[in-house]
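Visitor: I've got the sequence and the model up on my screen. Where do we start?

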Amino acid sequence: MGIKDNVDSQIIELLKKNAREKLSNIARLVNRSRTSVEKRIERLEADGTIQGYNVILNTDKERSSKKLRGFVIVNHVDGSQCEQLLKELETFDIIKSKYSVYGDLDLILEISYDSLEEMMKLKYFLTEHPKVKSSSISPVIKMWD
């Protein structure tokens with residue numbers, strides 16, 4: 001049976017954001033009665049549209065405490081490979097993902113940091129590195145859902 005209408009879709013989106021949201025709050029937000037919302041959720045669970053609910057554990061305090069994000073663009077000195085640079089970058093725990101890319105750019109790093117000082121240590125390292133032709137940091141100013 002699945003999602004029947006926009007109200008089902010709204011309910012699902014609200015449950016995605018907070019699976020423990022009170023039925024009365026969901027009902028108010030979708031402009032339906034509490035009983036109607038409860039029956040819709042039961043139907044969506046019964047037909048397999050909603051297959052379960054997740055618990056998100058805060059087991060990595062360091063990662064969850066990082067509030068600022070950004071991207072670092074790196075261009076190598078002509079002919080340089082990224083393997084050696086990537087090994088050296090392992091000492092920076094603010095780097096969350098590393099991407100070698102094709103085209104005008106060589107390497108994109110995704111970073112997550114608490115302070116400007118953390119970010120600038122990485123910037124200074126890259127500026128002084130003999131295998132790095134150029135680097136630029138683009139802090140994220142807003143994330144879109």
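Visitor: Is the crossing of α5 and α6 left-handed or right-handed?
Guide: Quick ground rules: this is a predicted model, so local features need pLDDT of at least 70 and side-chain atom pairs pLDDT 80 or more, while totals for chains, interfaces and linings use all residues. Residues count from 1 along each chain as its sequence is written, and side-chain values use heavy atoms, leaving out hydrogens and water. Helices (H or I, at least four residues) and strands (E, at least two) are DSSP runs numbered from the N terminus, and a crossing is left-handed if the near helix is turned anticlockwise from the far one by less than a right angle, right-handed if clockwise. On that rule, the α5 and α6 crossing is right-handed.

Visitor: At about what angle do α5 and α6 pack?
Guide: Axes are lines fitted to C-alpha atoms, for helices over the stretch in contact, and angles run from 0 to 180 degrees between N-to-C directions. The axes of α5 and α6 are 12 Å apart, and the angle is about 150°.

Visitor: Which residues in α6 meet α5?
Guide: Contact here means heavy atoms within 4.5 Å. On the α5 side the residues are L85, E88 and L89, and in α6 they meet L122, F125 and L126.

Visitor: Is α1 oblique or perpendicular to α2?
Guide: Helix α1 (residues 6–17) packs with α2 (residues 23–30) at about 135°, the axes being 10 Å apart. Angles under 35 degrees count as roughly parallel, over 145 as roughly antiparallel, 65 to 115 as roughly perpendicular and the rest as oblique. So α1 relative to α2 is oblique.

Visitor: Then what is α1 to α3, parallel or perpendicular?
Guide: The axes of α1 and α3 are 11 Å apart, at an angle of about 80°. In α1, V7, D8, I11, I12 and L15 meet V37, R40, I41, R43 and L44 in α3. The 80° angle makes α1, relative to α3, roughly perpendicular.

Visitor: Is H76 buried or exposed?
Guide: H76 sits in strand β1, and beyond its neighbours within four places in sequence it touches Q81, C82, L85, D106, K131 and K133. Buried means under 20% relative accessible area, exposed over 50%, partly exposed in between (1.4 Å probe, protein chains only). With 7% relative accessibility, H76 is therefore buried.

Visitor: What about D78, buried or exposed?
Guide: D78 is in the loop between β1 and α5. Its C-alpha is 62 Å from that of S24, which is 54 residues away along the chain. At 67% relative accessibility, D78 comes out as exposed.

Visitor: Which phi does N31 have?
Guide: N31 lies in the loop between α2 and α3 (34–46), and its relative accessible area of 65% makes it exposed. N31 is not a glycine, yet its phi is positive, at about 60°.

Visitor: How far apart in space are N18 and I111, C-alpha to C-alpha?
Guide: N18 is placed in the loop between α1 and α2 and counts as partly exposed at 34% relative accessibility. In sequence, N18 and I111 are 93 residues apart, and in space the C-alpha separation is 27 Å.

Visitor: Last one: what separates the C-alpha atoms of T35 and S24?
Guide: T35 is in helix α3 and is partly exposed, with 44% relative accessible area. Along the chain T35 and S24 are 11 residues apart, and the C-alpha separation is 8.9 Å.
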